[in-house]
Structures are given as structure tokens and as C-alpha cells.
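Hi,

Here is the structure I promised to pass on to you. Have a look at it first, and then read on for what turned up.

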Amino acid sequence: MNNKRSQIVSFSIIIILYAVLEILLKTGNLSSLFSSLLIPVCCYMAAAIGLNLNVGISGELNLGQAGFMSIGAFTGICVSGMLSGVISNGVIRLVTAMIVGMILAGVFGILIGIPTLKLSGDYLAIVTLAFGEIIKSLVTNLYLGMDSRGLHFSFVQNKVSLEPGGKMLLNGAMGATGTERIASFTAGVILVLICLAFVYNLMDSGSGRAIMAARDNRIAASSIGIDVTRTKMLAFVVSAGMAGAAGALYGLSFSTLEPRKFDFNLSIMILVYVVLGGLGNMTGTLIATMLLVTLPQMLRGLSDFRMLIYAIVLIAMMLITNNEKVKIFIEKMRLRRKEKGAGNGEN
Amino acid sequence: MKKKIMTKVIAAAMTGAMALSLAACGGASSGSSASQGGAAGSASGAAIKIGGSGPLTGAAAIYGTAVKNAAEMAVEEINAKGGTQYELNFQDDAHDAEQATNAYGVLKDWGMQVSLATVTSAPMAAVAPMYKDDHIFGLTPSASSLAAIYEDPDNETNPYGDLFQVCFTDPNQGKASADYFKSHPDLGTKIFVIYNNEDNYSTGVYKKFIDQAKANGLDVVGEATFMNSTVDFSVQVGAAKDSGADLVFLPIYYTPASQIFIAADSMGYKPSWFGIDGMDGILTVEGFDTKLAEGVYLLTPFSADATDDLTKKFVENYKAKYGEIPNQFAADSYDAVYAIAKAVDAAGVTADMSASDICDKMVSQFTSMSFDGLTGKSVTWSASGEVSKTPAAVVIENGTYVGVEN
């Protein structure tokens, strides 16, 4: 019951915010700063929801979410670039790019999951940490160009020579430049809604309960016939896929994207959104992501002090959300409301 | 009890932070002319609003700070002369494409009319299409990649048209270096290149350098790469030493360069070192023994020890104001503001014009005028936004840059 209510809350937050922002945007009342934040916030939300499924629901620490975003982003950019001559409709290209990005990130998730999820302990954290760095190095050394003769690929040394009029889709350390910006805020909101709906439905399903059972007690779960590796794999791959789709949307919202953007720091930032929002708490993740992405921009007025204040806010949020008294207070409020509700029901 | 007090303190800190953020929020949305990143000069009444962004925090902060300082100084000087007044708003983008678009949003909300665009290349490539969409004139002091001014950097076609550069493009630096090596065989003939293959700027220069080196018949005996996270350079320096190179080309930023010099010193390896504008700043690395950088060559259009009046005055004022010797980025930025001022005066731009009208006038001025500044005399711009000026080399002697006769 409680779960249903939190679902309604998180969906309504997103939909109401979208309606308000979209009206402001269409009437030209939204500041340029806010309009520049819309798509990135949606991307981080989708990636954070995915990560929360993996960290909060499945209980496996993942330190490479940015790596999956990177795969999605650069795949998405390449797909969109390759299709630009074939499909002129930006929406179809965007959706195709996001789906391909999601699938490829998911495939990498499976590859990583096969050896690591069979083990108990923090091995996934170690492997995903390395994975994020490996992906960054790989993309940094990838060269992919396209001209009238087709695709040209080289690795480490750039040996791609294009005919005049050709285009480098991936250019090593420079990443992708001159990307057509086809991402939209609406697409971002739809992505977040799909991710939310998927995670909530998964949590309510038999597989979701199996995931949580495997998190709470691996031995007990396997003793009642749950395939622990399989359930953890499900959560991990879905999480990676969401990051991939989010990455594709992110990549297609900027005209340039460097591989170094998706570094360890970004993985940690997304993890911070999840942890401060509350493990397993999707509404909290959404709010924390919104706040923590926009806050540094809102603090620009403080110039030199803004990163300092941002750090203080982070610490304060961490202490307050973990404070026993605050927790007891919230619990009391909840109980009181329940009692009232029960009382009303009797009358 | 103690915990209770802690909670109160935290609550107070939170409230304070929130109040501050709200205040900042209100300030930005009302479009007040409050100096957010630091406005300079006492712009009275109608002033032309110059925007700009660069890394004021993070690994590349030295560049952003230099550009911001010099631009502030130039604006103050121009305002003090009377005539057209200017107001500067310089935002932090932390050398990140996403934050640069945020900074652009802040500047647009503020009402920017002309811009110094961004300091570094990747952020510039991210905001360039936005400048084009909104038709705002941008003159970047130091964003040197081709993607900064070309929509299609692979073919060097489709320039944005309203974006111009004060610095050379990356490829031109690589090309100029290779040409310099050909005309100065005394530096060394066996060339080794160490570059950062994770960095846009470094690989950009490297590629053009190799092409031009082949064309010039130079003997490149080897190359080594490193990454952003590399801290120990003994492998790369060792490879250079083993290859018998007597000239090492470093198309990299100054922070890894300082580590390379330390590694070379511990191996007793003493080739000629040659860097480009990213090496500028090597003398300001904290905790780095600048003696190790003695004799390093840099290809830079600005040297602080030049004896012409303009440079002398600039260096003196900059030192008095900020307590350090200005680097090339500061000079580029100073020139950018003066070039904008020159074009504004020549085109008769006033503060009440829209950014779009100003842009048209500025573009026609920049493609036709010739500008004398710190970084070059008779500097001209092509219609695509590329600058044309003579490159010069400097060498570090006794902890300062000394010009090398060409």
C-alpha cells in the first residue's frame, strides 16, 4: 500500500514538473540557465534510477554507471550520425539511438555480470570501477569515420582518411564533435517515466521479490530455489541498459562530447544522488538528483564560495537523512496519519 | 545533548545555504546586472555587456583565471578612458561541456551582448552552435580547436561565422612547430613526441605536427603517450632517452610537463624541450622547481619580457593588480577585449542595440580590420574566424620567458 503511494508521488512529481516547465519553456518564460539544465537532469535521473535498482534493490555496489552511460552515449551518437542520411526525422533517430545504446550497454552488463555476479562480496564494485576506466580508455582510442564509401575504423593510431565531405563520428580523445542535437526535454521525461514504471513493476513482480530476497539473505534465498546469480544479473543488466539509454540522450543533447566526461567522478556523482535520495527509494533519488544537479548552478552567485557551499549542503543532507531523530519524527508523522485514516474509516 | 546541538548547527547551516541559493536564484532570474563572476569597472549607465566563461575551478583553472583577470583589467582601462563603457560577467565552466552550456544560459539571462566565448576548446565546441542560434558575437581568447569555429571541423567547412579566435588553431600550432624545427636544426634533429592521447588539444596538435614533419622531412624517432591520470612519466621519458632523441616535442599542458621534467632530471636526460601554448604556466606550478624548466622552448605569440611599450605596460599593471607575471592566456584575453572595443568604436555600436544587430556589425568589422595587440601586430581575421599573425618562440631563462630571434 505504502509502495503504491510512493509510486504515485514520484510519477506526479515528474508529470507536474514537466507540465510546469514545458509551459514556461513554450511561453519563453524559462531562463536560459534552466533550459540548459533540463535534458542533463533527465539523463542523470534515468541513470540514477537504474543505479538505485542495482544498489538499493539488488544490493550490489556499482561504481561504473558512467561507463555504461559512455557506451550508450557514443553508440547513440554513432547510430544517429550513420542514420542521418537515411532518416531525416530526428525523433525516430533519437529513439533508435537510445534503444541501440541501451542494448549495447546491456550486453556489456551481461559480459561483466557473468563472472562477477556469481561471487558474493564486493567484487562487482571492483570490476565496474575498472570497467568504467577501461571504457574511457577504449573510447579515447577509437576512430570511426563515415564518407560516401562507407564506414572506416581504426584503433589507437588514427589511420582513418576520409573523402572530402566525410565525417568523423568518433575522433579519439576529441570524442564526438559536430553532433546534431536531436535530444529533447520531452524525450528525457518519457525516458524517466519508462524507467520508473519499469522499476516499480519489477519491484512488485515475482522477480523483484526474488531480487530483494537475494539481497537480504543470499543463502536463504538460494535455499528456497531462487537462482541468485540470475536475479542479480537481471537487476544489473536493467540498470546498465537504463544508463545506456540515458547516455544516448545525453550525448545527443550536446554538439560535442569528450570521453573524459564519463569518468569515475561521474559514477560517484550518480551514486551520491542514489545514496542521498535513499537506497531503494526512487522518489528520493529523483529529488536528490534534481537538487544536486541544479544546486551548483543556483549557487553561481556566490562565485568562489559555491563549491564550498555545495560540499556543506552535501554533508548536511547526508547527516540529516541519516539522523535517527529525523527518522523517528517522520515515522511518527506517518503513524499519526495512519491512525487518523483508520479512525476515519471506522466512523 | 551534544547531538542535539550538532543537529541545530547543521539545521542552521542548511537554512543558511538554502537562503543563499534562493537569493542567488532571485538575482539570476531578475536579470540584475550584479557582478556574478566578477564584473569589472564602474560601468555607469548604459554599458555594453561582455560575457565569457572559462575554468575558474578544476585542473585548467589557471587559464580561466588568467583570462578573467586580464579581461577585467582591460575593461577597467577602457572604461577609465571614458567613451563606450563595458561590463564584464565571467562565469565558471570547469572545462566541462555541460557546465559551459549552463554558463552560457546564465550569461544569456544576464543580457550578454558580445562575448569572449570560452577559454578552453571542448566547452567552446559545445556552446558554439548556441552562439550561432542566438546570433551573438563571440571572440574566444584561447579556444584553439577547429571545432570551436567550424561546424564541420573534419573538412574545415561551414564556419559558424560569428565566432572568432585570438589564438592559433591547434593544427596551426603543430604545423608552425614542425616548420620551426625545420628552420632551426640547432635545436635538435632527432625528434621525440610525448603527448596526451586522452586530450583533445594534445592529439589535435600532434596529428598536424606529424603530417607536417613528414612533409618537412624531419626525423621523428619515436613517440610516447600518456593519459590524464598518469602521474609517473619515467616510462615515457625513458623511451625518449633510449631512442636517442635530442629534441622532445611536448604538445601538452604544463602540469604533466612539470612531471616530465622531474622524471628527466632524475634520469639525467637533457634534450631540448619544445612546448606550445599549453606549456605556458609551467613557471607557476606550485611546488615545482622552476630550475628544471630552464632552457625549455615554447611557441607562443606572447612573451612577458618583450620590450615594446604595450607589453611593458600590460605586464607592469598586471603584476601590480594580481601579483604575478601574466601568461599568454592573459595576453590573448587582453587583446580580445581591446579588439572588441576597437570594432565597437569603428562600427558605432551602442549599448542599447540588440545582441543580434551588434553581431552583424562586429562580424563585418572583424573581417575587414587590422588589429595591433600584445600577441601580434597587424592581426587580421578570415571570414571563417581564424586569426592570422606571426608565431614566435620564447625560451625560459632564469625563471622568465626570453624572446628568441627568428
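At what angle do helix 2 of chain B and helix 10 of chain B pack, and how far apart are their axes? Before the answer, please keep in mind that this is a predicted model. The angle between helix 2 and helix 10 (residues 328-347) of chain B is about 35°, and their axes are 7 Å apart. The crossing of helix 2 of chain B with helix 10 of chain B is right-handed. On the side of helix 2 of chain B, the residues that meet helix 10 of chain B include Tyr63(B), Ala66(B), Val67(B), Ala70(B) and Glu77(B). Helix 10 of chain B contributes Phe329(B), Ala330(B), Ser333(B), Tyr334(B), Val337(B), Tyr338(B) and Ala341(B). By type, the residues of this contact between helix 2 and helix 10 of chain B are 15 nonpolar, one polar and one charged.

Chain B has an open sheet of five strands in the order 2-1-3-4-7, with parallel pairing. Its edges are strand 2 (86-92) and strand 7 (163-165) of chain B, each of which pairs on one side only. On average, neighbouring strands of this sheet are turned by 20° against each other, direction ignored. Strand 1 (residues 48-54) of chain B runs parallel to strand 2 of chain B, and seven bridges join the two. One pair of bridge partners is Gly51(B) and Asn89(B), the latter in strand 2 of chain B.

Of its 406 residues, 57% are buried. The accessible surface of chain B is about 15000 Å², and carbon and sulfur atoms account for 53% of that. If you count contacts in chain B between residues at least 6 apart in sequence, 73% of them join residues at least 24 apart.

Now for chain A. Helix 4 (residues 90-116) and helix 9 (residues 228-251) of chain A pack at about 145°, with axes 7 Å apart. Their crossing is right-handed. Among the residues making the contact are Gly101(A), Gly106(A), Gly109(A) and Gly113(A) of helix 4 of chain A, and Gly241(A) and Gly244(A) of helix 9 of chain A. The contact of helix 4 with helix 9 of chain A has 15 nonpolar residues, six polar and no charged.

Chain A also has a hairpin, in which two residues link strand 1 to strand 2 of chain A. Strand 1 (residues 142-147) and strand 2 (residues 150-155) of chain A run antiparallel and are joined by six bridges. Leu142(A) stands opposite Phe155(A) in that pairing.

Gly56(A) counts as buried because its relative accessibility is 7%, and the cut-off is under 20%. Leaving aside residues up to four places away in sequence, Gly56(A) touches Leu51(A), Arg215(A), Leu279(A) and Gly280(A).

Best wishes

Key: Residues numbered from 1 in each chain as written. Chains lettered and ligands numbered in written order. Predicted model: local features only at pLDDT ≥ 70, side-chain atom pairs only at ≥ 80, totals over all residues. Heavy atoms only, no water. Axes fitted to C-alpha atoms, helices over the stretch in contact; angles between N-to-C directions. Helix = DSSP H or I, 4+ residues; strand = E, 2+ residues; numbered from the N terminus. Left-handed = near helix turned anticlockwise from the far one by under 90°. Contact = heavy atoms within 4.5 Å. Nonpolar A, V, L, I, M, F, W, Y, C, P; charged D, E, K, R; others polar. Buried < 20%, exposed > 50% of the residue type's maximum accessible area, 1.4 Å probe, protein only. Areas by Shrake-Rupley, 256 points an atom, 1.4 Å probe, with all protein chains shown as cover. Pairing = 2+ DSSP bridges.
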